[in-house]
Amino acid sequence: MVAIANVLMLGTLYSFLANPVQCFTPSDVQSHFVKIRNTILVLSTKAMWGDENVAPEDCAAKCWSDKRCLSFEITKNKGRCFLSKENAATFREVRRAKGRDYYQRVKPNEKLIIFKKGSIQGFDNLGHYKNVSLKKCKQNCRKHPECNSFEYKEETKLCDLSNVTHLTNEIKSNRWGWDIYIFNPGYRKIDCGTPKDLARALKVYSSTTYESEVTYICPMGEKLTSTCEMNNEWTSVESTCKEPVSCKDIKMCGRDATDGEYWIYPSPLSHKRLKVYCHDMETDKPKEFITLPHENFAFAPALKPSYLCMTRFDEEISKPGKTIFKKVRIYPEEMVLDRFDFTFTELEKGKGKHKRGFGAAEDCLYGKSSYCKSKGEMKVDLTHTGLIIGDSVKWVTYGDDSRISDLTYSENKKVVTATCGGKCGGCKPEGKFTVQLSSDEPSSSGVKTCEFLRQKHCSKSAQAQ
């Protein structure tokens, strides 16, 4: 009879695993819970779910949907459902209470189903042992070919063996100090194996068995989880780690995010990375810059016309100066350069004391119809930055009687040079100075990643512990 009941239970359980359902039938309840009539769990705090007239199947489905729920109770007269995160397998015990039924959750990888102060009376027919430990009582049951359960009384060290289970006979609460241990008829080993890697995330887990969790710690600090299910597979992770799109995001990767070169993933680049220099990282509003390995300048000479096409030095004319750009600010969300951020610029000595915007050239010498050469110059060189000049960027004249006498683009659109001037005028990029990714990526030497910062942060935290 026991063997037949076990087979029926296993069939129901495996059918449920293959076809998980949202609602429970009476058969599902029997497969996943053990019922003790007229019994409660001795526990003061239980959570009531729903109102009245809740069916046992609905209460069971609710409990099963939350892995923290280990048991529930149903009142018979009003159909009230009470959920609990504890059960009678550890420190809690069951007690007789007319008008309420107790249901204890049975996990498929749970070898023993335990009820403190529960018993199946009158069926201790496979042997009695005195003065034995709980461990020894369990071993004696295991050795007997027909033993399916045993009862143990801690106070007197008594052990009774039996061939019955909750599937063949009714469990009842008792007042004599006996605890019942039933070898789970539906037991099977569940092991999901090593969890898969998640791109750029640190994987943390301690076990791979049923209901174990793996936590993926993303570089920016968010945590994603996956759980080992009854089908021996990890649940899918619904999202991926966020990518830092700015230097402000980089700050979230760890405490060691100081000023320096980093990889970020601006939205316009569709998950492709951009090398930026993060500045003011000690503040709440760090800024992004592009480091310029080659010469970039904007020049307005301190010259005025003299005789024919000759000129003479005059530092007072039209705010002269040669601005050398070491880095240029970028707004990653638009991929636009800020022409007038002079944080990482310097003036070349002897060329004047005034700065010009990125990509501008100007002088105060000759009009556009003059055969004399203009002297204002500029150079934009994005070589080895991973960027090229945007397709929409055009140079236009400004000022009085101005002209562009020479404008040259390199074939790869990384370098633009120009000679411009006028009777106090010149040339500059029109509108927004957009940039695009080039086909070749800049050097990664010395460039930090969000992952690097997160691992360093976690390593320091582990050492501190």
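User: Where is the place of Tyr371?

Analyst: Tyr371 sits in the loop between S28 and strand S29 (376-381). Strands (E, at least two residues) and helices (H or I, at least four residues) are DSSP runs, numbered from the N terminus. Please keep in mind that this is a predicted model, where local features need pLDDT of at least 70 and side-chain atom pairs count only at pLDDT 80 or more, while totals for chains, interfaces and linings use all residues. Residues are numbered from 1 along each chain as its sequence is written, and side-chain values use heavy atoms, leaving out hydrogens and water.

User: Why is Tyr371 called exposed?

Analyst: Its relative accessible area is 70%. Exposed means over 50%, buried means under 20%, and partly exposed lies in between (1.4 Å probe, protein chains only). Tyr371 therefore counts as exposed.

User: What forms the positive surface patch?

Analyst: Its members are Lys111, Lys138, Arg142 and Lys189. They are positive because Lys and Arg count that way. Lys111 belongs to the loop between strand S7 (100-105) and strand S8 (112-115).

User: How many disulfides does the structure hold?

Analyst: There are 11. A pair of cysteine sulfur atoms within 2.5 Å counts as a disulfide. Take Cys192 and Cys228 as one of them: their sulfur atoms are 2.1 Å apart, so the pair meets the cut-off of 2.5 Å.

User: What makes the disulfide of Cys192 and Cys228 right-handed or left-handed?

Analyst: The torsion about the S-S bond is about 85 degrees, so this disulfide is right-handed. Cys192 lies in the loop between strand S14 (178-183) and strand S15 (202-204), and Cys228 in the loop between strand S17 (223-227) and helix H5 (247-250), so the pair ties together parts that are 36 residues apart in sequence. Both cysteines are buried.

User: How far apart are the sulfur atoms of Cys247 and Cys278, which form a disulfide?

Analyst: They are 2.0 Å apart. With -85 degrees about the S-S bond, the link of Cys247 and Cys278 is left-handed. The pair joins distant parts of the chain, with Cys247 in helix H5 and Cys278 in strand S19 (residues 274-279), 31 residues apart.

User: Which value does phi of Arg200 have?

Analyst: Phi of Arg200 is near 70 degrees, a positive value in a residue other than glycine. Arg200 lies in the loop between S14 and S15, and its relative accessible area of 23% makes it partly exposed.

User: How do you know whether Asp280 is buried or exposed?

Analyst: Asp280 has a relative accessible area of 18%, so it is buried. This residue is found in the loop between S19 and strand S20 (287-291). Although Asp280 is not a glycine, its phi is positive, at about 65 degrees.

Technical notes
Patch = residues over 30% accessible without salt bridge, like charges linked within 9 Å, V, L, I, M, F, W, Y side chains within 5 Å. Areas by Shrake-Rupley, 256 points an atom, 1.4 Å probe, with all protein chains shown as cover. Salt bridge = Lys/Arg side-chain N within 4 Å of Asp/Glu carboxyl O. Charge placed at Lys NZ, Arg CZ, Asp CG, Glu CD.
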